[in-house]
Each structure stands twice: as structure tokens, then as C-alpha cells.
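Visitor: I would like to learn how to read a structure like this one. Where should I start?

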Amino acid sequence: MYRYRYIIVYNKCTIGKFSLMTHLTQKALRLYDKKGLLVPEAKDAFTNYRCYTYDQIERGVKIRTLSWMGFSLDEIATLLDAEEKSDSATISVLMQKRCAHTEKEILKLQRVQQVLLRQKDTLELYSMSVSEPAIKEVPQMRVLSKKEIGNYEVTIGKLIGELFGFVESQNNPRNNLRLTGPCMFICHDEEYKETEANIEVALPVSGSITTDNFDVEMVTLPAANVVSAIHKGPYEEVGVAYTRLFEYIKNNDLKAAGPSRSLYLNDPNEVSEEELLTEVQIPVKPL
């Protein structure tokens with residue numbers, strides 16, 4: 001019986017030994033097994049222990065390295081499958097995508113470093129980047145609108161580009177088309193969503209427009225009393241303006257009365273991130 005057991009595990013290594021050689025934890029290896037990413041060649045018939053072959057070490061090390069580079073498990077599976085199929089195009093696309101994301105992460109970390117160097121022994125953080133909240137009346141306005149479900153970072157910029165492209169296609173003398181205000185993002189969700197956010201981008205316009213493009217609508221935003229503040233800095237940090245405005249609403253016996261709006265007051269292609277101006281408006285009414 002013992003001789004038979006020895007034959008089963010011969011030329012294979014236990015999960016513990018494989019973990020040591022690949023620097024992957026046993027918890028990670030069990031997850032990769034479950035996901036089908038790195039499945040043990042066999043299981044010991046008597047102990048049910050996972051047994052890996054030495055040939056699997058290279059795959060284990062690749063998984064660890066790709067994970068360290070920030071790829072998700074699904075992306076790692078796609079990359080390994082593409083390698084087996086000699087699909088260099090898929091590998092190139094995923095590498096470029098990860099590189100672009102890494103560049104954004106580097107910029108974010110640089111901003112974090114700048115904030116840390118400025119603060120030293122205080123927790124003022126972004127308090128100086130937001131103007132004092134104020135109540136004002138916003139008139140009714142006619143806007144071109146485009147909606148999509150997505151994430152803020154990608155979808156807002158995409159919709160803005162598509163709206164400006166649509167306006168450009170309509171821009172001829174007979175239409176007398178002109179912009180009457182800054183582009184804005186209208187938030188219809190009651191909570192922050194990393195994905196599947198209900199996003200609307202609107203562009204105030206006047207003149208004659210043919211909206212035969214079913215993705216673009218001409219709508220009228222109602223007049224409203226809003227509490228407003230202007231944030232100066234990267235778009236990713238505009239949340240501090242919302243915090244300040246909701247504090248103001250609470251302290252002044254008001255309540256939100258409609259979707260918030262973020263108005264982009266300058267062009268990110270013309271100014272640095274630190275100089276970006278975003279006006280945040282929240283429609284309000286008395287309690």
C-alpha cells in the first residue's frame with residue numbers, strides 16, 4: 001500500500017513545497033485552482049492533498065508576476081490563454097491597457113505625495129480647494145443630452161467627446177448653433193457607484209438642431225435654486241465639494257431636490273489638473 005502511494009506522488013510536489021518555490025501562498029493556490037487558473041496535476045488518493053508538477057512552476061511564477069503588475073485574475077487567464085495560442089495581439093492590447101492605467105496610478109500617487117508634503121502636521125487636506133457654498137438661482141436651460149451606464153472615469157469623458165462631435169456635425173450657418181454654457185455631468189444615482197453608474201452629460205445650446213441621432217436628445221433642464229461651490233483641482237478629488245455642500249444643506253435646514261450637476265468650467269487639454277475648475281450644484285428646497 002505504501003509503495004503504491006509513493007508512486008502516486010513521485011515527481012510531484014505538495015502544495016506547501018510548490019508554494020515555497022513559486023512564492024504563492026497556499027490560499028492563493030487554492031483560489032487559482034478554483035478559478036481554473038492553476039489546477040494541480042493530481043490529488044493524493046489517501047490525503048486529498050494537491051500535487052503539482054515541476055513543469056507547473058513556470059506558470060505559477062508567471063501568474064505571481066502578472067498579479068504583481070496589477071492584472072486581474074480574468075486578465076491573467078486571458079494572457080496565459082493568448083500565450084498558448086501565440087495570440088500576440090491580445091497580449092499587446094492588455095499590456096498597453098495596463099500601462100495606461102499604471103500611468104494614471106503614478107500621477108495619482110504623485111498628487112498624494114504633494115498633499116502629504118504640504119500638510120505635514122495638519123489635516124486641512126483639500127479644504128482650500130473648495131469655495132464657500134452659496135445659494136443661487138439657475139434658470140431653465142435647453143441642452144443636448146447623452147446618457148449611458150458606465151463608470152465615471154471613462155464614460156463621462158467619452159460622452160463629452162461624442163456630444164462635441166455631434167455639435168460639430170450640426171455646425172453650419174443655417175442652424176445658427178452656439179454653446180450657451182459649460183458642459184456638465186448630471187448624477188442620477190443616490191449613491192456612488194464604481195461601475196454601472198447612471199451617467200448623463202449635457203451641453204447647453206441654442207439654435208436649430210436635428211437630433212436624428214437616437215443617442216442624443218434635446219431636453220430642457222428645469223430652473224432650480226441650487227447650493228453651489230467651485231472646486232479647484234483634479235476631477236478625482238471633486239468629492240470634497242459634495243461633502244462641503246451636503247454639510248451646508250444639513251446646517252441650513254435644506255434638503256436635496258433633484259440630481260446634482262458638475263459643470264466643467266475650463267478645458268483639461270488647456271490647463272493642468274491642479275488648475276481644473278468644477279462647479280458642483282445641488283438643487284435644494286426648505287425642509
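Guide: Start with the surface. This is a predicted model, and its chain exposes about 18,200 Å². Carbon and sulfur atoms supply 54% of that area.

Visitor: What share of the 287 residues of the chain counts as buried?

Guide: Of the 287 residues, 36% count as buried.

Visitor: How many helices and strands does the chain have?

Guide: There are 8 helices and 13 strands. As for contacts in the chain between residues at least 6 apart in sequence, 69% join residues at least 24 apart.

Visitor: How are two packed helices described?

Guide: One gives the angle between their axes and the distance between the axes. Take helix α2 (residues 15-22) and helix α3 (residues 26-35): their axes cross at roughly 105° and come within 9 Å. Angles of 65 to 115 degrees count as roughly perpendicular, and α2 and α3 are therefore roughly perpendicular to each other.

Visitor: Which residues make that contact between α2 and α3?

Guide: From α2 come Ile 15, Gly 16, Phe 18 and Ser 19, and from α3 come Gln 26, Leu 29 and Arg 30. By class, the contact of α2 with α3 has 3 nonpolar, 3 polar and 1 charged residues.

Visitor: At what angle do helix α4 and helix α5 pack?

Guide: Helix α4 (residues 57-68) and helix α5 (residues 73-84) pack at about 135°, and their axes are 10 Å apart. That angle makes α4 oblique to α5. The crossing of α4 past α5 is right-handed. Residues in the contact include Ile 63 and Leu 66 of α4, and Ile 76 and Leu 79 of α5. By class, this contact of α4 with α5 has 5 nonpolar, 1 polar and 4 charged residues.

Conventions
Residues numbered from 1 in each chain as written. Predicted model: local features only at pLDDT ≥ 70, side-chain atom pairs only at ≥ 80, totals over all residues. Heavy atoms only, no water. Axes fitted to C-alpha atoms, helices over the stretch in contact; angles between N-to-C directions. Helix = DSSP H or I, 4+ residues; strand = E, 2+ residues; numbered from the N terminus. Parallel < 35°, antiparallel > 145°, perpendicular 65-115°, else oblique. Left-handed = near helix turned anticlockwise from the far one by under 90°. Contact = heavy atoms within 4.5 Å. Nonpolar A, V, L, I, M, F, W, Y, C, P; charged D, E, K, R; others polar. Buried < 20%, exposed > 50% of the residue type's maximum accessible area, 1.4 Å probe, protein only. Areas by Shrake-Rupley, 256 points an atom, 1.4 Å probe, with all protein chains shown as cover.
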